Amino acid sequence: VKTGSEKVAQNNTTSTGRNTYVMYMPGNAIEDCQFFLSPSTDRTFSIFLSSFTDGKGHTLRTELFYEYYTLIRGEWIPDAIPPLMGDISVKGGESQGFVIKVWADTGAAPGLYTADLIVTDAETGKQIKTAQVFTLIWGFSLGDDTRMASATDIAIGRIWSNYSAAGMTDIDPEQLY
């Protein structure tokens with residue numbers, strides 16, 4: 001399990017050694033984390049993720065996504081995350097990333113919420129892996145308004161012109177991008 005912001009190439013099958021994860025968040029927020037399957041042979045998996053519950057009747061909305069890989073400079077890197085809508089096939093010797101997304105409404109009850117993640121072999125029905133994932137909701141909620149507007153222009157020409165204007169012309173534009 002990794003944070004949602006780490007990009008892991010499809011050919012990286014090295015285990016992190018982490019078998020669970022805790023997401024921390026206030027109310028009126030969205031948080032996510034990743035997990036990966038890296039079979040040694042071609043396999044098809046069924047994945048089930050329960051709702052996050054706190055044992056007191058409170059539930060958080062959750063959804064499961066898979067990472068879609070794009071070839072970037074000779075390496076398959078995850079980019080888009082479409083919803084997981086059924087079984088998924090993974091080639092042996094490759095990793096397949098998944099994203100668990102959790103929503104906490106305004107005024108969500110604070111405390112520790114737990115979800116069960118169950119991975120089974122789609123062909124045999126045999127359970128391969130189970131794990132618990134946690135979300136800790138803090139005792140406050142974010143407001144509805146956005147406090148800071150932001151935008152990032154990562155076009156190669158825009159980046160190069162900013163560096164050139166600062167006198168940094170010794171950097172290859174393609175490498176800079």
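Q: What should I know before reading the values?
A: This is a predicted model, where local features need pLDDT of at least 70, side-chain atom pairs count only at pLDDT 80 or more, and totals for chains, interfaces and linings use all residues. Residues are numbered from 1 along each chain as its sequence is written, and side-chain values use heavy atoms, with hydrogens and water left out.

Q: What makes up the secondary structure of the protein chain?
A: Two helices and twelve strands. From the N terminus the order is β-β-β-β-β-β-β-β-β-β-β-β-α-α. Helices (H or I, at least four residues) and strands (E, at least two) are DSSP runs, numbered from the N terminus.

Q: Why is the pair Arg43 and Asp121 called a salt bridge?
A: The term asks for a side-chain nitrogen of Lys or Arg within 4 Å of a carboxyl oxygen of Asp or Glu. Here the closest N and O atoms are 3.1 Å apart. That is within 4 Å, so Arg43 and Asp121 form a salt bridge. A search of the whole structure finds one salt bridge.

Q: Why is Asp121 called buried?
A: Buried means under 20% relative accessible area, exposed means over 50%, and partly exposed is in between (1.4 Å probe, protein chains only). Asp121 has 10%, so it counts as buried.

Q: How do you know whether Arg43 is buried, partly exposed or exposed?
A: Its relative accessibility is 28%. Arg43 therefore counts as partly exposed.

Q: How do you know how much of the protein chain is buried?
A: Buried residues make up 32% of the 177 residues.

Q: What makes up the accessible surface of the protein chain?
A: The surface comes to about 10,900 Å², and 51% of this belongs to carbon and sulfur atoms. Such areas come from the Shrake-Rupley method with a 1.4 Å probe; for residues, only the protein chains shown count as cover.

Q: Why is Phe45 called buried?
A: Phe45 has a relative accessible area of 4%, so it is buried. Phe45 is found in strand E4.

Q: What does Phe45 touch?
A: Contact means heavy atoms within 4.5 Å. Not counting residues up to four places away in sequence, Phe45 touches Leu37, Pro39, Asp87, Ile88, Val90, Val119, Thr120, Ala122 and Ile128. The C-alpha atoms of Phe45 and Asp121 are separated by 4.8 Å, while the two residues are 76 residues apart along the chain.

Q: What makes a set of residues a nonpolar core?
A: The members are buried Ala, Val, Leu, Ile, Met, Phe, Trp, Tyr and Cys residues joined through side-chain atoms within 4.5 Å. The largest nonpolar core has 28 residues. Those with the most contacts inside it are Met23, Phe35, Ile47, Phe52, Leu64, Phe98 and Ile100. Among the elements that give it two or more residues are strand E2 (21–27), strand E3 (29–37) and strand E6 (59–66).

Q: Why is Glu67 called buried?
A: Its relative accessibility is 3%, so Glu67 counts as buried. Glu67 lies in the loop between E6 and strand E7 (69–72). Leaving aside neighbours within four places in sequence, its contacts include Gln34, Phe36 and Pro78.

Q: Why is Gln34 called buried?
A: Gln34 has 1% relative accessibility, so it counts as buried. Its place is in strand E3.

Q: Why is Arg73 called exposed?
A: Its relative accessibility is 60%, so Arg73 counts as exposed. Arg73 is found in the loop between E7 and strand E8 (75–78). Its phi is near 50°, a positive value in a residue other than glycine.

Q: How do you know whether Asn28 is buried, partly exposed or exposed?
A: At 25% relative accessibility, Asn28 counts as partly exposed. Asn28 lies in the loop between E2 and E3. Asn28 has a positive phi of about 60° although it is not a glycine.
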